Amino acid sequence: MLLPVIFGGVLGAGWLVLDRTRGQTYRHLRKLDMEGLRLKKLHGPFLFLLDKFEVGRRLPVLMFRMQHAIQKMYGIQHSGEKTMLYCAEMLTYSWLMLLVGCLLSLVGDMGLGGMVGGLALGVALPFALYKDLNTKVQRRDQDILMELPELLNRIVLLVGAGETVQRAIVHCVASQGERNHPLYNELRKMVGDWNNGYSFQQSFEQFSRRCGVQEVTIFTTTVLLNFRRGGGDFVLALRDLSQVLWEKRKAVSRAKGEQASSKLVFPMVLIFFSIVVMIGAPAFMMMNM
């Protein structure tokens with residue numbers, strides 16, 4: 001039983017030494033606003049290890065994908081630092097699972113099974129967090145794509161009624177109030193950019209970059225190419241784009257319906273077997289009697 005004691009002691013002492021000697025260097029990163037991080041106070045040693053081993057240079061593809069997802073979820077500003085924080089969160093969970101495995105090996109009668117279980121969870125949790133991040137990004141992109149045709153229809157009606165594009169967008173944003181939706185959150189930032197002196201083109205390009213959705217890029221390109229013309233040509237271009245976006249919305253809705261139906265298969269199988277057992281068990285009992 002010495003192995004869990006030694007291994008757990010090395011993990012605990014190593015974290016304590018790194019936190020006292022190197023952790024203070026990364027204290028400023030704890031002030032960054034990033035939802036979902038629950039263990040910021042423990043990140044210091046792991047941020048140092050990420051810098052020491054140059055994870056960004058050794059795993060460029062993985063870090064690029066993670067940073068791209070972080071930019072979509074939490075914004076472009078400080079995206080590099082937020083990516084490091086998310087990686088540190090993953091390592092912190094792994095470290096805690098290893099400590100819990102050592103503790104179970106000492107307290108319970110599991111022997112080395114506790115360490116093995118902790119190691120398995122320590123390896124699995126980072127992958128689960130990475131998958132959860134990608135799932136949130138995919139859900140965000142789908143929400144934007146589902147709402148974009150509705151927004152475009154409102155803009156077409158307002159522009160056709162004589163409003164300018166800028167005023168039509170401001171009216172659409174104002175009509176949503178404080179609704180927490182990724183598309184309207186980005187539109188509020190775009191309106192804020194206008195109020196801060198950015199040009200219409202710059203604000204729209206920043207909006208497209210923040211959304212990171214191909215359909216939004218097509219929408220912004222269409223608007224920027226045609227809004228100077230005004231009149232019927234602009235409205236006609238938006239209506240053509242609206243038809244394309246409605247078709248894509250239908251495709252997303254069908255995909256969501258198929259996913260929902262596939263998720264129901266496993267519970268239905270469990271219910272079926274439960275019913276079979278409930279009906280078959282009395283019959284077998286009567287046969288044995």
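Q: What percentage of the 289 residues of the chain count as buried?
A: In this predicted model, 38% of the 289 residues count as buried.

Q: How many helices and strands does the chain have?
A: The chain has twelve helices and zero strands.

Q: Let us turn to the inside. Which residues touch the most other members of the largest nonpolar core?
A: They are Ile155, Ile169, Leu187 and Phe219, in a core of 32 residues. Two or more residues of this core come from each of α6 (113-160), α7 (165-175), α8 (182-195), α9 (200-211), α10 (214-226) and α11 (231-263).

Q: Which of these elements gives the most?
A: Helix α6 does, with eight residues.

Q: What does Ile169 touch, then?
A: Setting aside residues up to four places away in sequence, Ile169 touches Ile155, Leu187, Met190, Trp194 and Phe204.

Q: What other core lies apart from that one?
A: Another core, of 28 residues, lies apart from the largest one. Trp15, Leu47, Leu50 and Ala88 are among its members. As a general matter, nonpolar side chains tend to be buried together in soluble globular proteins.

Q: Now Thr222: where is it found?
A: Thr222 is found in helix α10.

Q: Is Thr222 buried or exposed?
A: Thr222 counts as buried, because its relative accessibility is 15% and the cut-off for buried is under 20%.

Q: What does the side chain of Thr222 reach?
A: The side chain of Thr222 reaches the backbone oxygen of Ile218 at 2.8 Å. Leaving aside neighbours within four places in sequence, Thr222 is also in contact with Ala237, Leu238 and Leu241.

Q: Which residues form a nonpolar patch on the surface?
A: Val5, Leu103, Leu106 and Val107 form such a patch, and together they have about 380 Å² of accessible area. Helix α5 (residues 79-107) gives the most to the patch, with three residues.

Q: Why does Val107 count as exposed?
A: Val107, which has its place in helix α5, counts as exposed because its relative accessibility is 65%, and exposed means over 50%.

Methods:
Residues are numbered from 1 along each chain as its sequence is written. This is a predicted model: local features need pLDDT of at least 70, side-chain atom pairs count only at pLDDT 80 or more; totals for chains, interfaces and linings use all residues. Side-chain values use heavy atoms; hydrogens and water are left out. Helices (H or I, at least four residues) and strands (E, at least two) are DSSP runs, numbered from the N terminus. Buried means under 20% relative accessible area, exposed over 50%, partly exposed in between (1.4 Å probe, protein chains only). Patches are made of residues with over 30% relative accessible area and no salt bridge: like charges are joined within 9 Å, nonpolar side chains (Val, Leu, Ile, Met, Phe, Trp, Tyr) within 5 Å. Accessible areas come from the Shrake-Rupley method with a 1.4 Å probe; for residues, only the protein chains shown count as cover. A salt bridge is a side-chain nitrogen of Lys or Arg within 4 Å of a carboxyl oxygen of Asp or Glu. A nonpolar core is a set of buried Ala, Val, Leu, Ile, Met, Phe, Trp, Tyr and Cys residues joined through side-chain atoms within 4.5 Å. Contact means heavy atoms within 4.5 Å. A polar contact is a pair of N or O atoms within 3.5 Å; within protein, one must be able to donate a hydrogen and the other to accept it, and residues adjacent in sequence count only if both atoms are side-chain atoms.
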